[in-house]
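Here is a friendly briefing to read with the model open beside you. Take the topics in any order you like.

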There are 2 protein chains.
Amino acid sequence: MTSSGHAPARRSAGSSALFTDHYELTMLSAALRDGTADRPCVFEVFARRLPDGRRYGVVAGVDRVLDALANFRFDDAELEMLARDEVVDGETLEWLRRYRFSGDVDGYPEGELYFPGSPVLTVRGTFAEAVLLETLVLSILNHDSAIASAAARMVSAANGRRIIEMGSRRTHEESAVAAARAAHLAGFAGTSNLEAGRRYGIPTTGTSAHSFTLVHDSEHEAFAAQVAALGTGTTLLVDTYDISRGIDTAIEVAGTGLGAIRIDSGDVGVLARQAREQLDALGATGTRIVVSGDLDEHAIAALRAEPVDGYGVGTSLVTGSGAPTASMVYKLVEVDGRPVAKRSSHKESRGGHKEAFRRHKPTGTAIEEVVYPVDGPPPKQGEDDRPLRIPLVRDGEVVPDRPSLEDNRQRLRHALVSVPWEGLKLSHGEPAIPTVFPDSYGHG
Amino acid sequence: MTSSGHAPARRSAGSSALFTDHYELTMLSAALRDGTADRPCVFEVFARRLPDGRRYGVVAGVDRVLDALANFRFDDAELEMLARDEVVDGETLEWLRRYRFSGDVDGYPEGELYFPGSPVLTVRGTFAEAVLLETLVLSILNHDSAIASAAARMVSAANGRRIIEMGSRRTHEESAVAAARAAHLAGFAGTSNLEAGRRYGIPTTGTSAHSFTLVHDSEHEAFAAQVAALGTGTTLLVDTYDISRGIDTAIEVAGTGLGAIRIDSGDVGVLARQAREQLDALGATGTRIVVSGDLDEHAIAALRAEPVDGYGVGTSLVTGSGAPTASMVYKLVEVDGRPVAKRSSHKESRGGHKEAFRRHKPTGTAIEEVVYPVDGPPPKQGEDDRPLRIPLVRDGEVVPDRPSLEDNRQRLRHALVSVPWEGLKLSHGEPAIPTVFPDSYGHG
């Protein structure tokens, strides 16, 4: 029994099939009755706009989508719930029992930039098999891309200095793992999150909190205990009592070979300057200074002139620094080869199955995102232009030899180098490049 | 092999032990060496402040913490990762293998209000066993309380009208399940999320999306298919093409007994008024009007005068409507019976093991949150005052007969009735009641 007094239906280990909205099942049920379930469809994932004032977005979560897709199956446990709560009828339950996605998926790989209207992911299959994936696909892409997009700005702001993700405590325990992954994709060196280390091989890091100093009878004893356990290369947290005395104590205990000190509160810019002078005066010229405590990309940028060697970022990273979701949508754009689109309001969509490439100057600077219909004549592409989408799933099978997380980190680094310089500014503004739908491209 | 090319360590089914920050393990390792690991400690969870301008917070996630605590164990799979990545030494690994939390936990039950400084949760145990829980406890409470706090404002704004959670697609797939639970706790009638239905018995709901209309040759055919599958009591989505024609078609297909129409875009206030007139003119006086599409508590409140029967809320709910984390912290406040606290900056904490009650007028209106040291003389409590904390874990065992989710929904309803009326305003302001630390209460 759970605390709600409700006996929960069983869960089949690892099935992702119920990370789904109720209406996808009722639509399926109705479509199975009238035969539209079998119509060949194209669904497209895109963002109508970037978060307010952002210059670019970073695609993340694609590999998590593919893993979840492989586990998207309705076993007894899932069917039991759907039957118990009378979500769908018996015929639909039988259809679901046999369900495996058998269509195709194409999309932007992780680490690629996206802009308003970029066709980030395209799912082709029957209406029945593709409509079921809406919520799962969007949950993953919207979360992970939001985090990666914020993280990329922080990495830019850090300007080559080492930056670590430590926001697990400020977000859902599973989001924390995905956030650590997205941050690493975007260039963070490591994470505090151990599960992210296990699941994705991301380097984990950490030394001590204020509680470790407080549980000891003195800061001196705490530092001595930490150095005994972790060596002099460790990072000592010096702001539990008085920072200046903390630094004296740290060097007294660890010697001038101390790896780093960490400052987690106060005006970290001023404190870092004072700490650098003090460390140098003590002869600890190689001891690094790490700062943390409510940093976001703006605070990181403001510290560029200060003697800071590394940043620890928490809350602002896992909450997308003001944009906790990427607001991507999953829209039906083609049925039986015909473009379709909603037409009643400002929330219009551009129908039709699309492709995309990014146009560049010969210098390598990106000029525009060109989005065009697959069925029409393709716009002229120059040798500096770059296709953006790759095949991800064919006939229900994930395409082998996917790019690795490390490949995708490289991809983002290269993509950011190609962005016009205004596009890397942290201030509010327009997307770094426009998205262009060639004239030949019919609307709606 | 994952996409990173890294062979992940195995995961023991359901263990929550690696939803933990690396530094908790290094602190443990160092504390085991010097004996401080065994010191009796008290850690306290509290929020230094409410999100900007909010009047109250709603505690949520406590039962999820207790479930996760029961699964917090280091099995082979967890130990393998910690050994592989050399997070801790062999002696610490052996200690972890035997680890079970054996201490006590007390706290605010779910559905209780909290204010700055409210001792929301207290963990008592040795340093070693309590320090390990920081990240897991905070992840859950910070996420779930953020969502419940936003949700409660939306329920207030809806003023008795039915409100449904449908934001799964805008947040991490597991956060979505927890968000649906937190929203239900706060008074939402149901959720679109099927996994929340399975896991927590929350009513799930949903009918169709625009894609369902678009996959059909006409809106008429789509509506007919939906009514055939779901009956005339269903909700028809009327804004795919032209809303007015959509309503005509809806009634033509379903008759005047149609359950509801849904409008998902445009100026929903104006559209609802027009729809009500049109429905009434068609004789469908009992057909309800449900609106959705980027609603938050302010938009909901603005629709109070409109003929809206229900709301569907997505993005703003799952992102905490501007406050995606509750910013609670987990601080060591007592060691060996002595209060301890960080002292270097504005981020001070009040040391000592604390209790709390809420003072009320004889009319039942809350006056203040009284937080006092367990060891001192307790402040005088009147018969209208109410203790706030309950025992949750004793000697490592979860206290049986926990309040159910339904009990906790009632608790929140009652607590909100007791809040002074200014405290229920949606506008920015001060906390609804002050948190008072009696004079006898030594600082630091």
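Helix 11 of chain B is followed by B:Gly255, whose phi is positive, near 85 degrees; helices here are DSSP runs of H or I with at least four residues, strands are runs of E with at least two, and both are numbered from the N terminus. This is a predicted model, in which local features need pLDDT of at least 70 and side-chain atom pairs count only at pLDDT 80 or more, while totals for chains, interfaces and linings use all residues. Residues are numbered from 1 along each chain as its sequence is written, chains are lettered from A and ligands numbered from 1 in the order in which they are written, and side-chain values use heavy atoms, with hydrogens and water left out.

**Helix 11 of chain B**

- The helix covers residues 243-254, and its 12 residues reach 16 Å from the first C-alpha to the last, close to the expected 16 Å (1.5 Å times one less than the number of residues).
- Buried residues (under 20% relative accessible area, with exposed meaning over 50% and partly exposed in between, for a 1.4 Å probe and protein chains only) include B:Ile243, B:Ile247 and B:Ile251.
- The buried residues of this helix pack against helix 10 (219-230), strand 8 (235-237), strand 9 (260-263) and helix 12 (268-281) of chain B; contact means heavy atoms within 4.5 Å.

**The two chains together**

- The same surface serves both copies, since 100% of the contact residues of chain A recur in chain B.
- The contact takes 118 residues from chain A and 118 residues from chain B.
- Between them the chains bury about 8900 Å², 57% of it on carbon and sulfur atoms; buried area is the accessible area (1.4 Å probe) that two parts lose on being put together, summed over both.
- A:Arg169, A:Leu194 and A:Arg198 supply 11% of the area that chain A buries against chain B, more than any other three residues.
- There are 12 salt bridges between chain A and chain B (a side-chain nitrogen of Lys or Arg within 4 Å of a carboxyl oxygen of Asp or Glu).
- A salt bridge joins the side chains of A:Arg39 and B:Asp217, at 3.0 Å from N to O.
- Helix 1 (residues 22-34) of chain A gives the most to the side of chain A that touches chain B, with 10 residues.

- A:Arg153 sits in helix 6 (residues 134-158) of chain A and is buried, with a relative accessible area of 6%.
- The side chain of A:Arg153 reaches the backbone oxygen of A:Leu426 at 3.1 Å.
- Leaving aside neighbours within four places in sequence, A:Arg153 is in contact with residues including A:Tyr56, A:Glu297 and A:His298.
- A:Pro116 is in the loop between strand 4 (113-114) and strand 5 (121-126) of chain A, and counts as buried at 19% relative accessibility.
- B:Gly314 lies in the loop between strand 11 (310-313) and helix 14 (315-318) of chain B, and counts as buried at 14% relative accessibility.

Key: A polar contact is a pair of N or O atoms within 3.5 Å; within protein, one must be able to donate a hydrogen and the other to accept it, and residues adjacent in sequence count only if both atoms are side-chain atoms.
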